[in-house]
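Keep the structure in view.

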Amino acid sequence: MSVGQVAFTAPSGDAALLRRMSTIRLEGLGRRFGAAVAVDDVWLDVADGEFLVLLGPSGCGKSTLLRMIAGLLEPSAGRILLDGADITALPPQHRNLAMVFQSYALYPHLSVSRNIGFPLRARRRSKPEITAKVGEVAALLGLTDLLDRKPRQLSGGQRQRVALGRALVRDPGAFLMDEPLSNLDAALRATTRAELVELHRRLNATVVYVTHDQVEAMTMASRIVLLNEGRVEQAGPPGEVYDAPATVFAARFLGSPAMNLVDAAVTRDGRAHGPGIDLPLGLPDEAAFPERPVTLGVRPERLSIVPEDGAGLRGVVTAVENLGGEEVAHCLVGSSQVAVRGPRPLGARPGDRIGLTAAPAHLHLFDPVSGRRLTWQPAATTAPKE
Amino acid sequence: MIGTFVEAVPSLPPRRAEAAARPRAVVRLARAAPPYLYLAPGLVLLVVWTYWPLAQTFFLSFHSWNLVPSTPMTQVGTDNYERLLTTSALGSSTVRTFQVIAGLLPFTLLIPLGVGLLTRGRGTVHRGLVFAPMLVAPVAGATVWMFLLDPDAGLVNTVLGTDVNWLNGTGTALWAIVLITGWHLAGFAVLVVAAGLAGIDPEYTAAARVDGATSSQITRWITLPLLSPTLWFLVLMTVLLGAQWTFPLIDTLTQGGPAGSSTTVYYLLWEYGFRSNDAGLAAAAGVLFFAGFMLVAVPLARLADRAAVREEGP
């Protein structure tokens, strides 16, 4: 998976002629609905060819953000730039962006071919050109046999393809997708996910993709932008967001089961202490570390079961879930729930006393008040990572 | 000793065939009855108030009767129909009925469509104002319009600077009736159009905008086709009921005059029955109009059905 690069380039005229560059830039974008703030001061650069996923729980403002990019919603603050040109006030008709809606929004009275050809018809292209282009897109998406059907005669997966076809037919500057897979069943979602990734690879198009599904985000994104209450919580490649969550929110949102977060304290000897917790943090040798309370995070799959004596975490198994290939053991450590995930059989039964440990590299420290990630700066004291 | 492979899971028993014995007739009847029992009250009302009077009308149309209960009916065969078809009143009142329908269509279709599209997604206050005439009782409205259209002191003539005798001129009476009926109905039709527009998922418009369609393209290619079931409903209502709505106004303002110039088929029917007390003739006219409207309504309803577009499922 390629890593998205931040693009600050204004496209030169030549480049725009040779190949459609499409960078999207959001400058302090905000949107209020009455007193409620849906999107708050979002700064973002979407590089050409990037598959950017806006991820977040429902109500985090991700769809509002996408609709502002599409021009369907007017921002209350900030600017939107497409290829360096300010399009904030431009109506959606003139933005040359294609959008796939969650509901697909297929025109129910038009056949599949007329649905796909609609953007070309609106641009007054000639009939033969529309027919040729629609045929091309239909072949690409395997819709050739369905061109005369009406949307209501299609299955969910077929409708999704038609919606995609309508976006593909006119070589837009960028694709905006609003949870396009959420109405598909699980099996179809997995295959469509792979197809979308493949399509993106072939077209090398810029995609802004909205989802609340962490699996979609992890598997498809070249960069994830995690939103929380209208603000960017963290932006980065999926691996980075998963391995180094910037905040407690990011740590909780990605991963299944979510990252274990327990209250602990860093002591003078550079270890994390708490009820049932005594873990080395692998910090460089220092005479004494400043003591402070922390939220200690560790992913369930990074924990391993060890003999209880001298284990970093000691607790009692409360439940074991069988996932088929793997098992998840839920344990009570001190007063905190801690989940362990590993290959089946895990060798733990409810009621067992259990010892757990994790490599220092897989431990995450967060400030218990701000929720922000803490890193060790050798020269000075620990400071929240910005 | 050499073992053998056995199926680890016992094979399923064969599917059971049809249930052996059919339940007894009484049991089957008791099971089938509830839906019909639920329908019964509605069906009884329909029969008592619609189908039975229809049958009675049909029966009456072959008799001569003066509506006096003590006078016996006499059977006259098809006399009533022959009398009807040989008078010129039937033809001219039919033509006038079509004129009324055509005159009402702008009020029940074109104006509401225009108002609906222009006020789409805006406040409801002015829609309420447009709807208000519907709430005015026809006879009360008629009285007010009688003052307004008065040839000497009426506001209409004062404003227009004319001295037309609107309700008593053979050329203007019918159109005055159409105008007042249209004023009554337009608000209702605006509400119907507004409801139809509100029923169209705004995502279609949003998608069309992103797809690059202009406002007029969206209206022509998306909104109007999706609104067509509503528009067909209004056309059907106007064609089938429009002329009926004029009745109270005709009765209050012109009594079908002057010289029958505002007599529609409904008013003609009423005159035969309750002015001339010729129940048989009125019944025959009723049967003919019923048949005539069926001939118009069936193809219209078919067209409306074909135009109806079912919304796309989730």
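The centres of domain 1 and domain 2 of chain B lie 36 Å apart, taken over C-alpha atoms. Domain 1 of chain B covers residues 23–56. Domain 2 of chain B covers 79–307.

This is a predicted model, so confidence comes next. Chain B has a mean pLDDT of 83. In chain B, 94% of the residues reach 70 or more. Helix α4 of chain B (residues 125–135) is where confidence in that chain is lowest, with a mean of 72. Confidence in chain B is highest in α8(B), at 93. For the complex, the predictor gives an ipTM of 0.81 and a pTM of 0.79.

Now turn to the contact between the chains. Chain A contributes 22 residues and chain B contributes 20 residues. On the chain B side, α8 (202–210) and α9 (215–245) each supply at least two residues. α8(B) gives the most, with 6 residues. By class, the side of chain B that touches chain A holds 10 nonpolar, 6 charged and 4 polar residues.

The axes of α3(A) (residues 112–122) and α4(A) (residues 127–141) come within 9 Å and cross at roughly 125°. Because of that angle, α3(A) is oblique to α4(A). The crossing of α3(A) past α4(A) is right-handed.

Which residues of α3(A) and α4(A) meet? From α3(A) come A:S113, A:I116, A:G117, A:L120 and A:R121. They meet A:I130, A:K133, A:V134, A:V137 and A:A138 in α4(A). By class, this contact of α3(A) with α4(A) has 6 nonpolar, 2 polar and 2 charged residues.

Technical notes: Residues numbered from 1 in each chain as written. Chains lettered and ligands numbered in written order. Predicted model: local features only at pLDDT ≥ 70, side-chain atom pairs only at ≥ 80, totals over all residues. Contact = placed C-beta atoms within 7 Å. Helix = DSSP H or I, 4+ residues; strand = E, 2+ residues; numbered from the N terminus. Nonpolar A, V, L, I, M, F, W, Y, C, P; charged D, E, K, R; others polar. Domains from an automatic or database assignment. pLDDT = per-residue confidence, 0-100. Axes fitted to C-alpha atoms, helices over the stretch in contact; angles between N-to-C directions. Parallel < 35°, antiparallel > 145°, perpendicular 65-115°, else oblique. Left-handed = near helix turned anticlockwise from the far one by under 90°.
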